[in-house]
Amino acid sequence: MSAVVSRLRKPLITGSKTYHQITEDLISPTEKTPTKEWVIGFIISVAVLSFGVFCILWTIWVGIGSWNLNRTINWSWDITNFVWWIGIGHAGTLISAILLLFRQKWRTGVNRAAEAMTIFAVMCAGLFPLIHMGRIWLAMFILPYPNTRVHFGPISTLPYFGTYLQSVLTLLFPYYSGTQDLYRISLQ
Amino acid sequence: MKKQIDNIWIGQKDLTREDDFMNTAEKEFAEEQVSFADMTSNLSGNRRDFLKFLGFGLGAATVAAGCDIPVKKAIPYVVKPDQIVPGVANYYASTFVNGGDFCPVLVKTREGRPIKIEGNDLSPITGGGTSARAQASVLSLYDTNRFTGPKLKDGAGWKDTTWVELDKIVSTTLQSSRNIRLITNTNMSPTAKKAMTEFTTKYPNAKVVTYDPVSCSALLDANQKNFGTRAIPTYKFEAADVIVSFNADFLGSWISPVEYAAAYAKGRKIDDITKAKMSKHIQVESHMSLTGSNADNRILVKPSQQGVAVAHLYNEVVGAGVSVTGLNDKAKKALTKIAGELKSTSGKSLVVSASNNVNEQLMVNAINHALGNYGATIDFSTPSYQRQGNDAELKACVEEIKAGSVDLLLVCGANPVYDSAFGKELADSLSKVKNKISFAQVNDETTDLCDVVAPNHHFLESWGDVEVKKGHYSLIQPTISPLFSTRQAELSLLVWAGSTGVDVTKEQPYYEYLKESWKSGMFGGQSEFSTFQSFWDSVLHDGVYSSGSGSSPSYASAEIGSDITKPSASEVEISFFETVHMANGQYSGNPWLMEMADPVTRTSWGNYLAVPVNFDGVRTMVGLNDLVDGDLVELTIGTKKMVVPVVQQFGQMHGTVSIALGYGRTQAGNTGSNVGVNVNDCLTMGPNGPAYYNTSATVSAKTGKEDDFSCVQYHHTIGVKGIDKESGKEINADEAALVFFDYFTGVKGFQGALTDRSVIYTSNVTELKGRVEHLQERRKHAQHLNAQQIYGGFDDMYSLGHHWGMHVDLNACIGCGACTVACMSENNVPVVGKHEVSRHHEMTWLRIDRYYYGDVENPNTIYQPMMCQHCDNAPCENVCPVNATNHSSEGLNQMAYNRCIGTRYCANNCPYKVRRFNWLDYTKADIWPANQPRLQEESVPFMADNLTRMVLNPDVTVRARGVIEKCSFCVQRIQEGKLTAKTEGRALRDSDVRTACQTSCPTGAITFGDMNDKKGALHAKLESPLNYIALEEINVRSSVTYTMKVNNRDKSLDA
């Protein structure tokens, strides 16, 4: 099937590709067996991930004292890192939202990867408010379940709810753009 | 399906597993199930049912997710003793005594075990105050290192034996011994002395040798020469307008610090700012001692110049002509001026010296006599027996041991191998003594070389009496049955002496002996009680008893020899001092005292070499050899080399360094062993006894960095004035030193410069009015700023009911640290160990900040006890995500430990940094197994093993890992006060509730009370114009008020 070429503007995708070819280009990585490089990369990632999981479990087992934080500032890496990852997440959201508003067409080349990266960044960030707690096994106290305490809504619940909100929004962007891709894959 | 636990059933139906029973058993709730139709039809029921489901679901999930609650056993009394009401404390009057350390106390016991020490208000000597050592003494009762029974040496260890066996062995030994020596520290007990006399009568070749870990032998000898009594007079610091102390740390560790501090503070508090009058305190020393830090003026003399300093004052006051070559000029001029002042306040001055040189002490006595102090500020009609050591006798005894002529050595309440001046010689020659018996409670260096241990009771398990001063008695009574198979040392001596006065078949033989002793002694000397039993009951109840005092011997002048401390031309001299918390190693095994930060250097878990520091005129505080805090150096004293960490000490005289005694012990249990360095073998032997300095000291340059520099306060100075190198003018050395660049503006100093915040206010007594006006202005400005709030109208929120607050009088606070240990004792605060303290994880709720101000080279010091300020507009309460910290209706900032999830936002927000986080599992109070670094390789965290746990206060939660804790204004005591008032059917009075820090303070610096009670003590204190609130300008509405520190510094003495 021939590509539809518009007369008014330059083609967005060069190389005279048909829709079918574009679909193939996008979906073929999911169908081929992984390459050696991919497997090595995967193994390294999993190794780093398991080290991360071990560190988190060690923290929960031993206590925040294993982090070498101290007075007078009782946070350092935990909350700073949280803010860093939220910032990374903002970058992805920026691409999806702000660039869309400014009608920057070039974003389409990067927005899938950016949105995927954002999801993971927000997941990473969401870890920190949990693992920096001294008693994470009581993390459910954060939730606004009915209790005898009248006062609720202090400042520091914002990171928890802000992160939750951000993660929801972050998931919405790839959801909308990703349904197309999923449909395409489902056709295969 | 219902889980079935084998062999357990609750009823007949359960046993037979009948169907209808099984159906009902499966249902969680008894009421009928709510149907979906009910839920959707009835709206009001709808919400409730939804909540029921939600609550049940959540609850079930939580319970299912959580672990089984561990089974705890509670065993109630079958026959309850009359006096014990579970939950209500019993107080017994007793006395804390350890050698010459003395403090009458009230012991708080719960369910039959002592948990807290309070002061005994009825004591005319201490007035209810305590010291850090007294507060910590309750912990040493539960020391896991205690001997559990009589022991015999078995290779390098000990093997158990029985008392019967031991008595047999000792009797045979006693029969066959030619020379018997009993070495002991100061013993103030008349009954114990009686027991010893019975022993020495039975064995005429036995002799009692007394020595003190820090010797005052020369003072006693001088008094013997001048007054005929080998005792120490009562020093009346409250009656003295001018106090001159030559190296005597009378507020911290010299002879009777609790008594002296209480008296001293009376002359330092300012009641009326228009007629401000306070005593003048001059300290002549080289290192910054606790007393020196409270002094108005410090005259710096090298340790070897102490002799000529005393001689110079002697010359000036008495008019003699003793040679004073070697005394530095500044000190000479200052002392001349002081002599003039002393002469003009005759009868109202006090000169004391800690020197161990007889001639120097004779000179001091002569000075006091010439000034007419005897009979006025120094009272010999009630001599104190708190030091009885005799260096000459100890020396003779050591010589005898070295010669091998001593067959049997008994060591009672002393550790001469470690803390006497002859420690090394004794250690080498003790093997020559055929038999050695120790009465120690815990293994120590001397006991380790002994053959037999007949462990003594702890004072909390003992009967006894103390005659601290002539005519002033204090009783010791047991507050718990002996925990282990120990026996009172006096009883052992009586048994071995075959005494007829003691009946060993009785249940408490020594108790009977003590009563007999009092019956034949003190009972006869009084007329108030007609029967001995009523007399005894009254004295035992009060804990203290005063009979009349005698007459005062008059001063007889004695010839003063020329052999005084000779000044040395040595480049660096080192002085050794006794710290408030360690003494000379007697308290090394006490974790509370080990962890307590030294009030002056703010270091803990070790002794640090204090090196002088000065301002280089540009921007750095430079220490000796360019050393900074935490550096390791090689210290060489004589031929002994040791590696010690360094701390910069403001006020340390140039050309001198100093280090604390009492560390470097090798046998001090698992807390005190191998902590710090031992300097007891570096003392200089004077003509009479050891002198606590050495002139051949060298300090190397930095050799490394200490791994765990456990200092809890790095910032030292707060607005010290130094001379600027370029301009020669006086500048704020703090600001210049802290700033390394000037923000490209050319102006030095940084934003919110430290000195511009209302942290401390200081004033000289001469300019008090002006400074108070300045203070009031700043307060008005701060209050004006605070009034500009968005949500106003809440200022009267706590005006009904109680509004708890605290007042801290910084003029009375001497920085002794008794309150910090009392707080640890009362509130189950964990001990974390050196490594954790070096990471700033110390858990003490109350800290005493120490700031230097004034001249950077010779500063004044201010101590500021800092606890939770219970801010009415608390920055910590707003930020807790789970609302674990909130404000009570009585103004208390409360902490719900169970709710805290450990986010630490509150600790970050606290401007005073008084919140403490349980970084690791210090207490084993949670569901996780013990998995934390220990103090010294024990298997459970300190205070989690069954013996040490007995010291915990049952009214206070022990916090788990991951929980924030802080001062609670002793809320358990507030509740106890309320309950007592309720039981008695009356309103709660301001004085009913006294916090732990308040009751332990020897000077009465802390006052806790109800700000709404107009007739209360706190309200009266809050009227003073000297009051201010720390960091008032940030509008946190703190409930703690401090006072301006007023000093009586005479600038002319510094010139």
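1. Of the 1055 residues of chain B, 54% count as buried. This is a predicted model. The secondary structure of chain B comprises 30 helices and 44 strands. Its radius of gyration is 31 Å, close to the 31 Å that the globule rule gives for 1055 residues, so chain B is as compact as a globular protein of that length. The C-alpha trace of chain B spans about 110 × 85 × 65 Å along its principal axes.

2. Take the contacts between residues at least 6 apart in sequence: 72% of them join residues at least 24 apart.

3. Start inside chain B with helix 5, residues 132–141. How many of its residues are buried? The count is 10 of the 10, so the helix is largely enclosed by the rest of the structure. The buried residues include the alanines B:Ala132, B:Ala134 and B:Ala136.

4. Strand 1 and strand 2 of chain B form a hairpin, with 2 residues between them. In the turn, B:Gly99 has a positive phi of about 65 degrees. The two strands run antiparallel and are joined by 9 bridges. One of the bridge pairs sets B:Ala93 against B:Leu106 in strand 2.

5. Next, a parallel sheet. In chain B, 4 strands form an open sheet in the order 11-10-9-12, and the pairing is parallel. From one strand to the next, the twist averages 15 degrees. Within the sheet, strand 9 (residues 242–246) and strand 10 (residues 280–285) of chain B pair in the parallel sense over 5 bridges. B:Val242 has B:Lys280 in strand 10 as its bridge partner.

6. Compare a second sheet of chain B. Here 4 strands form an open sheet in the order 41-34-43-42, with mixed pairing. Strands in a sheet pair through backbone hydrogen bonds, in either a parallel or an antiparallel sense. The edges are strand 41 (1006–1010) and strand 42 (1027–1028) of chain B, and each pairs on one side only. Strand 42 of chain B runs antiparallel to strand 43 (residues 1040–1043) of chain B, and 2 bridges join them. One tyrosine faces another in this pairing: B:Tyr1028 has B:Tyr1042 in strand 43 as its bridge partner.

7. Now chain A. Helix 1 (residues 19–31) and helix 5 (residues 158–187) of chain A pack with their axes 10 Å apart, at an angle of about 75 degrees. How do the two helices lie to each other? Angles of 65 to 115 degrees count as roughly perpendicular, and helix 1 and helix 5 of chain A are therefore roughly perpendicular to each other.

8. Which residues make this helix contact in chain A? From helix 1 come A:Thr23, A:Leu26, A:Ile27 and A:Thr30. From helix 5 come A:Asp181, A:Arg184 and A:Ile185. The residues of this contact divide into 3 nonpolar, 2 polar and 2 charged.

9. Two loop residues have backbone angles worth checking. A:Asn68 has a positive phi of about 65 degrees although it is not a glycine. A:Asn68 sits in the loop between helix 2 (36–62) and helix 3 (77–101) of chain A. Is A:Asn68 buried or exposed? A:Asn68 is exposed, with 11 other C-beta atoms within 10 Å.

10. The other is B:Lys913, which is not a glycine but has a positive phi of about 55 degrees. Its place is the loop between helix 27 (905–909) and strand 39 (916–917) of chain B. B:Lys913 is partly exposed, with 14 other C-beta atoms within 10 Å.

11. Finally, the interface. In chain A, 29 residues are in contact with 31 residues of chain B. On the side of chain A that touches chain B, the residues divide into 16 nonpolar, 10 polar and 3 charged.

Methods: Residues numbered from 1 in each chain as written. Chains lettered and ligands numbered in written order. Predicted model: local features only at pLDDT ≥ 70, side-chain atom pairs only at ≥ 80, totals over all residues. Contact = placed C-beta atoms within 7 Å. Nonpolar A, V, L, I, M, F, W, Y, C, P; charged D, E, K, R; others polar. Pairing = 2+ DSSP bridges. Axes fitted to C-alpha atoms, helices over the stretch in contact; angles between N-to-C directions. Parallel < 35°, antiparallel > 145°, perpendicular 65-115°, else oblique. Rg over C-alpha atoms; globule rule 2.2 N^0.38 Å. Buried ≥ 20, exposed ≤ 12 C-beta atoms within 10 Å, placed from the backbone.
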